[in-house]
Amino acid sequence: MTVNIIQDMKLAIYVMRSVGKWLEDSGKNPSKWWKLENLNPEFLLKYAKPQEFFVALVNKKTAAAAILQVNQNSQDWKSIDKGHQQVALYIHWLCVDREFAGKNLPKFMIDFAEKKAREDNIDLLRVDTNASETKLRKIYEKLGFHLVAVEQENYRRTAFYQKIIKK
């Protein structure tokens, strides 16, 4: 399997919408972040810049996507950082098209994020997810992330994870 990761907002949103549709169709009651009406440039560009969208291509076919950003705007880590903001690479909207589920694509995306962080002299990756998404939480833990907090937000409990990047 040949995997290439490129910066491409349009293709990344295409994958995100495919996953959003699957979440909706499967009755998983997606959060506002995954509702189809919000998986579009107008909404997403409120939280990310075009150059922060990445897509994994498997044999030239869109397979996974994520937003990678140093100055993240979609989640609040203030209570975890306790007033001492950490320099980190934040991973948002990490998703895999259902056609490619079970092919270890989250690992490819996390490895890519680690490489990008090292290039920018960043030694911390951060990700958050709905605390009730136990399968996704296990994937993050298997990829070396450690739970740092679970907090109640107005609409859900959020699990906050981070991973120290070894140099």
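Arg-98 lies over the face of Trp-22, 4.1 Å from the ring centre. The model is predicted. Eight aromatic pairs are counted in it. The largest pocket has a volume of about 1100 Å³. Strand β7 pairs with β5 and with β6.

**Charges over rings**

- The ring under Arg-98 belongs to Trp-22, and the distance to the ring centre is 4.1 Å.
- Lys-32 places its charged end over the ring of Trp-33, at 4.6 Å from the centre.
- Trp-33 is also a member of an aromatic cluster, together with Phe-43, Tyr-47 and Trp-93.

**Aromatic pairs**

- The count of aromatic pairs comes to eight.
- Tyr-47 and Trp-93 have ring centres 6.5 Å apart.
- Their planes stand at 50 degrees, so this pair is tilted; edge-to-face would need over 60 degrees, and stacked would need under 30.
- The Tyr-47 and Trp-93 pair links distant parts of the chain, 46 residues apart.
- Tyr-47 sits in the loop between α2 (41–44) and β2 (53–58), and Trp-93 sits in strand β4.
- Tyr-47 has a relative accessible area of 16%, so it counts as buried, the cut-off being under 20%.
- Trp-93 is buried too, at 8% relative accessibility.
- Tyr-140 and Phe-145 form an edge-to-face pair.
- The centres of Tyr-140 and Phe-145 are 5.8 Å apart, with 65 degrees between the planes.
- Tyr-140 is buried at 3% relative accessibility.
- Phe-145 is buried at 2%.

- Trp-93, in strand β4, has a positive phi near 55 degrees and is not a glycine.
- Asn-59 has a positive phi of about 50 degrees, again without being a glycine.
- Asn-59 lies in the loop between β2 and β3 (61–69).
- Asn-59 counts as exposed because its relative accessibility is 53%, and the cut-off is over 50%.
- Trp-93, by contrast, is buried at 8%.

**Strand β7 and its partners**

- β7 spans residues 157–164 and is mostly covered, with six of its eight residues buried.
- β5 (residues 124–130) pairs with β7 in the antiparallel sense, over seven bridges.
- Within that pairing, Asn-130 stands opposite Thr-158 of β7.
- β6 (residues 146–152) also pairs with β7 in the antiparallel sense, over six bridges.
- Leu-147 has Tyr-161 in β7 as its bridge partner.
- β6 and β7 make a hairpin, with four residues between the two strands.

**The largest pocket**

- The volume of the largest pocket is about 1100 Å³.
- Its lining has 40 residues, and the closest to the centre are Leu-94, Cys-95, Thr-129, Glu-133 and Leu-136.
- Elements that give two or more residues to the lining are α1 (9–25), β4 (89–96), α4 (105–119), β5 and α5 (134–142).
- The lining divides into 21 nonpolar, nine polar and ten charged residues.

**Where the topics meet**

- Strand β4 holds Trp-93 and gives two or more residues to the lining of the largest pocket.
- Strand β5 also contributes two or more residues to that lining, and β5 pairs with β7 over seven bridges.
- Trp-93 joins the aromatic cluster, has a positive phi and is buried.

Definitions and conventions
Residues are numbered from 1 along each chain as its sequence is written. This is a predicted model: local features need pLDDT of at least 70, side-chain atom pairs count only at pLDDT 80 or more; totals for chains, interfaces and linings use all residues. Side-chain values use heavy atoms; hydrogens and water are left out. Buried means under 20% relative accessible area, exposed over 50%, partly exposed in between (1.4 Å probe, protein chains only). Two strands pair if DSSP finds at least two bridges between them. On a 1 Å grid over the protein atoms alone, a cavity is a set of points where a 1.4 Å probe fits but cannot get out, and a pocket is an open set with protein on both sides within 12 Å along at least five of seven lines; lining residues have an atom within 4 Å of a point. Grid points are joined across faces, edges and corners, and a volume is the space filled by probe spheres set on the points. Ala, Val, Leu, Ile, Met, Phe, Trp, Tyr, Cys and Pro count as nonpolar, Asp, Glu, Lys and Arg as charged, and the others, Gly among them, as polar. Rings of Phe, Tyr and Trp (its six-membered ring) pair if their centres lie within 6.5 Å; planes under 30 degrees apart count as stacked, over 60 as edge-to-face and the rest as tilted. A charge sits over a ring if NZ of Lys or CZ of Arg is within 6 Å of the ring centre and within 35 degrees of the ring normal.
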